[in-house]
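Biologist: Could you take me on a close look at one part of this model, the nonpolar patch on the surface, and then show me what lies around it and which charged pairs to look for?

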Amino acid sequence: MPVPFIDLRRFEPGFMDRWIEICRRITENTMFVSGPEGAALEKRLAELSGAKAVVGCANGTDAIQLALRAAGVGEGDVVLIPDATFWATFEAVVNVGARPVTVDISLDDLQMDFDLFREGVERFKPRAAILVHLYGWGSRHIDQFRAFCRERDLPLIEDTAQGHGVTWKGASIFRDAYMASCSYYPAKVLGSCGDAGSVYCSTAELADTVRKLGNHGRTSHYGHGLVGWNSRLGGFDAAWLNLCLDYDEARLASRRKSAEWLRAQCDALGVRTVAPPEGYVENGYLNVTMHDPEARPRIEAVLKERGIGFGNVYPGAMSKQPGAAAYLAGTIGGEKSDLLSRSVLNLPLFAHMREEELDEVMDAMKAALAAV
């Protein structure tokens, strides 16, 4: 039985009927750009997260760029980012005119190494930094990152594209962030019906700046106090996300249950897995297993033969990407990020996986391990 890496069609009973009616209402009232659905979504996300305000935007990459611009980052500035992340983190820095410095990760939690980060701040004197929360949890040193940056008045933007539903010490991971970006690409834990994103802000002033930047810098309909761009949230995207939030708790519970089961089964087979650090409740975004780089292709070949989807999130460090060389202001380490990219293997994990699918995934893994 084939099992996809992710299945976006596991709709709950009644979901599609509700969505069709919402589409009719949006169309009849021509609420195509943000509108009341957008305002309702921002309010719900702020209440769920404890953030002062949330501003919707067109996509997760724009969310990072809006946060950088709102923090005052611009031409020629240096920004520290982890070497293990998605390319959007790197290109967002470049797209606001700044230059990235990549910082290696810790193999304990697969997040940016705090000691190397402090070294980078001293060496490169950055204008801002981006802490990426990868794999459905965050750094075990998140409190230290935040405190260190507050003490130095260094804007710390948290790229939380994979972080919806994650909690740290009993509260949303967004709660104490200065600013955090989020992506609602359809494959995310909270995914839209198209591209969408948001910026979580710790003050009303930051939210006001982000909102203006994402709407052509408007101070009135034809008054422009800033040079921004068009990054407005679409009405259908906002409505889809609002509908999905009605099912959010059940979807998160399903993902977490499957994530824990897969990790326990892999551990029993002697496969190295990576779990959230103590203090986190993950959102079940990705299963993370680590393999000998020479053995991984043989494991993947068996999974492919058996029809089991898999991922390598992510297959290359930022500092080694062909497009990075012209923009890098520096690198700190990188060996561990490179090793991660050659070792990581992600098994299928999505909401409402069936027991027989989970069993099929592990049967395939047993066969793959026997082949190496």
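Modeller: Happy to! In this predicted model, the nonpolar patch on the surface is formed by Phe11, Met16 and Ile20, which together have about 260 Å² of accessible area.

Now follow H1 to its partner, helix H8, which covers residues 235-245. Two packed helices are described by the angle between their axes and the distance between the axes. Here the axes of H1 and H8 come within 11 Å and cross at roughly 150 degrees. Angles over 145 degrees count as roughly antiparallel, and H1 and H8 are therefore roughly antiparallel to each other. The crossing of H1 past H8 is right-handed.

Next, the charged pairs. The whole structure holds 22 salt bridges. One of the pairs is Glu119 with Arg123, at 3.3 Å from N to O. Both residues belong to helix H5 and are 4 residues apart, about one turn of the helix. Glu119 is partly exposed, with a relative accessible area of 35%.

Another salt bridge joins the side chains of Arg146 and Glu158, at 2.8 Å from N to O. Arg146 is in helix H6 and Glu158 in strand S5, so this pair ties together parts that are 12 residues apart in sequence. Arg146 counts as buried at 6% relative accessibility, and Glu158 counts as buried at 1%.

Finally, look for a network of salt bridges that links Asp7, Arg9, Arg10, Arg354, Glu356 and Glu357.

Methods: Residues numbered from 1 in each chain as written. Predicted model: local features only at pLDDT ≥ 70, side-chain atom pairs only at ≥ 80, totals over all residues. Heavy atoms only, no water. Patch = residues over 30% accessible without salt bridge, like charges linked within 9 Å, V, L, I, M, F, W, Y side chains within 5 Å. Areas by Shrake-Rupley, 256 points an atom, 1.4 Å probe, with all protein chains shown as cover. Salt bridge = Lys/Arg side-chain N within 4 Å of Asp/Glu carboxyl O. Axes fitted to C-alpha atoms, helices over the stretch in contact; angles between N-to-C directions. Helix = DSSP H or I, 4+ residues; strand = E, 2+ residues; numbered from the N terminus. Parallel < 35°, antiparallel > 145°, perpendicular 65-115°, else oblique. Left-handed = near helix turned anticlockwise from the far one by under 90°. Buried < 20%, exposed > 50% of the residue type's maximum accessible area, 1.4 Å probe, protein only.
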